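I opened the model and kept notes as I went. The entries follow in the order I looked things up.

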Amino acid sequence: MRAINVLLSILVSLLILAALMEGGLRLIGKGPAPSPLQPHPELGWAKKPNFSMSKSAKEFRASFELNAEGLRDDPLGPKAPDEFRVIALGDSFTYGFTVDRDQLFVDLLEQYWRSEGRNVQVINAGTEAWDTAQAVRWLELEGKKYEPDLVLLFPYENDLYWNSRTAYLTADGPADKPRYAEDGSLEARSLAQFPKKPWTAGFAITKWMARPQRRVGYPVPGATFPIDPELLPLLHDTPQEVEAAVEAHTLGALRALKRAASALGAEVAVAPIPSAVAYSDSWRKKYSTGPRARLPGLSTEAWSPDKPVETFLRLAQAEGLPTVDARGALRKATDAGDALYYREDWHFNENGNRVFAKHLHDSLEGVVALPAKRAEGALPPAHGEAGGVPFAAKLYLGLLAGLTGLYWITYPKENRLLAPLKIGLLLGAVFGIFLGILYLRELLPPAVSRWLVPGFVALILGFVAFKLGRKVTTITELLSAFIRRGHWYLMPLVVVLVTIGSLLVVAASSPFVAPFIYTLF
């Protein structure tokens with residue numbers, strides 16, 4: 001029996017350690033990120049309405065706020081009589097996977113037009129991992145409510161392969177999606193439910209321990225191992241069965257796009273987004289060499305990042321759709337020394353978004369019907385800043401009210417006017433430090449700022465350990481004794497009491513950390 005109790009004590013201790021690790025990983029930003037996507041019966045998946053999140057990586061950070069329609073846009077009301085509406089269709093490039101809205105080419109293009117006095121509103125319908133077929137299907141389902149005058153399609157190279165598939169292969173299984181036949185008709189079939197993540201995916205520890213999975217490859221002559229099938233359209237000698245399917249289903253999606261836009265009374269233009277591989281030697285090496293090369297063993301003469309762009313341009317022009325080829329503008333900017341894509345993420349950086357938006361603005365003039373420039377001057381931005389009380393202020397006022405009420409109940413004889421003043425100053429010190437860290441985090445580059453919060457937490461924990469001194473050894477011996485004696489049922493209580501006692505000892509010894517610790521109580 002004693003052995004069982006000891007094992008239970010060890011198990012409970014490990015669970016407590018796991019809980020502490022889970023909380024620590026979440027605290028430093030390593031927790032599982034919420035997904036903006038949800039299942040959709042016609043599209044396979046779509047963005048969640050009224051969803052917001054922040055994303056931070058080594059190279060970038062961005063905030064995302066979706067409106068009631070699930071678009072990364074402001075709330076959209078009825079169309080004004082003199083308003084010209086543009087719908088932007090595409091994937092994560094259009095959605096703006098790595099930048100804030102004020103740096104996204106969709107919103108920059110709108111501002112270019114409005115700076116010329118044109119009352120244009122660009123509606124961003126871009127969605128992560130969508131292919132051309134999904135974008136077109138969304139237009140068929142939702143386009144009418146927005147009354148567009150112009151539809152802009154921004155396909156990316158991997159659209160070509162996925163346009164020919166009936167399901168997208170995710171890490172959690174196949175996700176069904178729509179597909180168009182060559183004549184532009186939608187294939188009649190019901191879509192299965194979007195695959196659910198396992199329950200373990202909701203833990204930070206699971207994310208920390210997980211390793212990225214490689215999609216099942218396609219064997220290609222000359223490659224050292226099977227390649228990612230979505231890169232097959234880059235090959236000069238794409239397998240015939242893949243090439244035929246890509247051509248047929250992509251052409252069908254473009255025909256459906258043309259028909260849907262015509263039914264809405266809107267023009268269409270297609271502007272393929274070139275790949276980073278065409279403008280970065282480091283990206284080209286990543287595709288060809290290294291342990292995670294995407295085209296391993298293939299010579300650079302066997303494939304071209306320009307081929308997908310040329311395929312989209314050719315198919316769109318065959319259907320009489322106006323096109324925009326941005327490769328020349330991107331090449332010119334690259335030759336001038338500008339980096340247009342991130343080094344580790346393949347999306348446009350802020351500069352790439354600006355160059356692409358400027359080229360779109362210049363190229364669409366005279367190609368599609370746009371409202372005339374107004375001599376009166378620029379119009380104000382269509383997308384205003386969100387109003388209302390900041391969240392930090394609401395949290396501060398809520399804590400001030402709640403803690404003041406508790407103080408009055410606990411100490412009824414104390415001066416009631418001094419309570420909110422004391423608590424307000426204490427909260428002000430804590431909020432000031434944390435808001436200062438967040439402000440400094442925005443000023444520093446992402447590669448540096450991502451270590452700011454973990455470094456601050458490590459500093460505080462190190463200070464706590466220093467102040468405890470020899471008491472750390474006593475605490476360790478106490479916990480070990482309870483484990484050896486098999487008092488597993490007391491372990492959570494012991495950990496809580498030891499933690500509270502340690503915090504109070506440190507708070508009493510240092511006015512620097514006291515505000516943080518007393519606020520916890």
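I began with Phe64, which is found in strand E4 (residues 61-65). Helices (H or I, at least four residues) and strands (E, at least two) are DSSP runs, numbered from the N terminus. Phe64 is buried at a relative accessible area of 1%. Buried means under 20% relative accessible area, exposed over 50%, and partly exposed in between (1.4 Å probe, protein chains only). I listed the contacts of Phe64 beyond four places in sequence; among them are Phe51, Met53, Lys55, Arg72, Tyr95 and Phe97. Contact here means heavy atoms within 4.5 Å. Pro36 is 28 residues from Phe64 in sequence, and their C-alpha atoms are 9.1 Å apart.

A note on the source: this is a predicted model, in which local features need pLDDT of at least 70 and side-chain atom pairs count only at pLDDT 80 or more, while totals for chains, interfaces and linings use all residues. Residues are numbered from 1 along each chain as its sequence is written, and side-chain values use heavy atoms, with hydrogens and water left out.

Next I checked Lys55, in strand E3 (residues 52-56). Lys55 touches Phe60, Arg61, Ala62, Phe64 and Phe97, leaving out residues up to four places away in sequence.

I then went through the salt bridges, which number 25 by this rule. Glu344 pairs with Lys58, with the closest N and O atoms 3.4 Å apart. These two are 286 residues apart, Lys58 sitting in the loop between E3 and E4. Glu344 is partly exposed at 49%, and Lys58 is partly exposed at 41%.

Arg118 forms a salt bridge with Glu365 at 2.8 Å. This pair spans 247 residues, from the loop between helix H3 (105-115) and E6 to the loop between H11 and helix H12 (391-410). Is Arg118 buried or exposed? Arg118 counts as buried, at 3% relative accessibility. Glu365 is partly exposed, at 36%. I also found a salt-bridge network linking Asp73, Asp74, Arg101 and Asp107.

On to the sheet. Four strands form an open sheet in the order E6-E5-E7-E10, with parallel pairing. Two strands pair if DSSP finds at least two bridges between them. E6 and strand E10 (267-270) are the edges, each pairing on one side only. Five bridges join strand E5 (residues 84-90) to E6, and Phe84 has Val120 as its bridge partner in E6.

Last, the core. The largest nonpolar core has 93 residues, and Leu89, Trp138 and Phe356 are among those with the most contacts inside it. Such a core is a set of buried Ala, Val, Leu, Ile, Met, Phe, Trp, Tyr and Cys residues joined through side-chain atoms within 4.5 Å. Helix H7 (residues 240-263) gives the largest share, nine residues. A second, separate core of ten residues includes Ile16 and Phe482. Beyond four places in sequence, the contacts of Leu89 include Trp138, Phe154 and Leu257.

Conventions. Salt bridge = Lys/Arg side-chain N within 4 Å of Asp/Glu carboxyl O.
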